[in-house]
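Here's a quick briefing on a single protein chain. Have a look at the sequence and the 3D view first, then read on.

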Amino acid sequence: MPNPQLSILVVDDAKFSSAMIGRALSQAGYQDIRFASSAAGALAQLEERPASVLLADWLMPEMDGLELTARVRQLDEMTDHYTYIVLLTGREGDNILGEAFDHGVDDFISKSAMSEQLVPRVFAADRLCGTLQRLLQEKRLLTQNIASLEQRNLVDPLTGLGNTRYLAQKLADSLRQIEYRGSALCYLLIGINDAQTLRQRHGEAFYHELLHGIARRLQQLVRPLDVLTRLDDDRFALITLLDDLQECAPSSFKRLHEGLNLKAFKTSEGFVTVKAAISLVGLDAKALPVEASAIQAQAAALLPDAQASGRIASQRLPSRG
């Protein structure tokens, strides 16, 4: 059975198309249906109240469906929400659909089969939205519980990431792991170059909001088992274990670098871009023994080069054999 209170926003610059979609959804039992005639109007409505499902025309003037999707994902990122996005399109082909999914679109409906596909696709989105919202709520509760239990010891209370003490423990654990399993370790130091300028310009509350957003973005960009921590007001650290030292290279973390530098963060002060620098130290069992503090110091020494060049600065520790 559909959830009558499912929040749906329909975005289409054609009034006839919007009316047809609204009538079909109403007849299917949905009551919370809003309409926008442009992407800008949709964003304004979403800022006032999020939607669970967004149905948007792919081809719209000024801002198309893919651009709208990117903006909605930025809103979601800052509000711990997930909007299920369905594009309405007359375009066909695997490349077209692959492009849509790469941009964060969840589903699509062919305009040529709108009457057959619309309601079933929304029913499917309805079921998935219920699950997604429960998972988000459970994640929020889990984060609150972890922060409450461990924030004085291992958790950074501002971002919910690990703190410096947690980093030290995990780095020592990772060194033992590569010693016995023969894998490789990458330690990344991530610095926000313009942190002081942003803080002075917008204030402490804004900067805390931005740090929280950066932490969320990083969590989305790294692998689930990677260790992500906040060191201080302008630096984060990442530990990742790989099968081969050759993988511990700047090219392996290009997506991370671009995700921080090329996509703006949605804040109470509007969209804000940051300049992030990344230094990388890689090693395998052949470089052991080495102190965790020496790895951290080496990454810190490389960070100014990364800031100056705008690229990931990297070094692999030499074999001791």
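**A residue out in the open**

Let's start with Glu 62, which counts as exposed because its relative accessibility is 82%. (Exposed means over 50% relative accessible area, buried means under 20%, and partly exposed is in between, using a 1.4 Å probe and protein chains only.) Keep in mind that this is a predicted model: local features need pLDDT of at least 70, side-chain atom pairs count only at pLDDT 80 or more, and totals for chains, interfaces and linings use all residues. Residues are numbered from 1 along each chain as its sequence is written, and side-chain values use heavy atoms, with hydrogens and water left out.

- You'll find Glu 62 in the loop between strand 3 (53-57) and helix 3. (Helices, H or I with at least four residues, and strands, E with at least two, are DSSP runs numbered from the N terminus.)
- Glu 62 isn't a glycine, yet its phi is positive, at about 75°.
- For background, most residues other than glycine have a negative phi, and most peptide bonds are trans.
- The peptide bond from Leu 288 to Pro 289 is cis, with omega near 5°.
- Pro 289 belongs to the loop between strand 11 (276-284) and helix 10 (292-309).

**The whole chain**

- The chain has ten helices and twelve strands.
- Its C-alpha trace spans about 70 × 45 × 40 Å along the principal axes.
- Of the 321 residues in the chain, 48% are buried.
- Take the contacts (heavy atoms within 4.5 Å) with a separation of 6 or more: 70% of them are between residues 24 or more positions apart.

**Helix 1**

- (The expected span is 1.5 Å times one less than the number of residues.)
- Its buried residues include Ser 17, Ser 18, Ile 21, Gly 22 and Leu 25. They sit on the same side of helix 1, because they cover an arc of only 130° around the axis. (The arc is that of the directions from the helix axis to the C-beta atoms.)
- Here's the general idea: an α-helix has 3.6 residues a turn, so residues three or four places apart point the same way.
- Turned away from that buried side is a face with the exposed residues Lys 15, Phe 16 and Gln 27.
- Just after helix 1 comes Gly 29, with a positive phi of about 110°.

**Helix 3**

- Helix 3 runs over residues 65-79, and its 15 residues should span 21 Å at 1.5 Å a residue, which agrees with the 21 Å between its end C-alpha atoms.
- This helix is mostly covered, with eleven of its 15 residues buried. Among them are Leu 66, Leu 68, Val 72 and Arg 73.
- At its start, a side-chain oxygen of Asp 64 comes within 3.1 Å of the backbone nitrogen of Leu 66. (A polar contact is a pair of N or O atoms within 3.5 Å; within protein, one must be able to donate a hydrogen and the other to accept it, and residues adjacent in sequence count only if both atoms are side-chain atoms.)
- Just after the helix, Asp 80 has a positive phi of about 55°.

**Rings and charges**

- How many aromatic pairs does the structure hold? It holds one. The rings are those of Tyr 30 and Phe 123, with centres 6.1 Å apart and planes at 50°, so the pair is tilted. (Rings of Phe, Tyr and Trp, using its six-membered ring, pair if their centres lie within 6.5 Å; planes under 30 degrees apart count as stacked, over 60 as edge-to-face and the rest as tilted.)
- The pair links distant parts of the chain, with Tyr 30 in the loop between helix 1 (15-27) and strand 2 (33-36) and Phe 123 in helix 5, 93 residues apart.
- Tyr 30 is buried, at 2% relative accessible area, whereas Phe 123 is partly exposed, at 28%.
- The charged end of Arg 73 sits over the ring of Tyr 82, 4.4 Å from its centre. (This takes NZ of Lys or CZ of Arg within 6 Å of the ring centre and within 35 degrees of the ring normal.)
- Arg 217 lies over the face of Phe 265, 4.0 Å from the ring centre.
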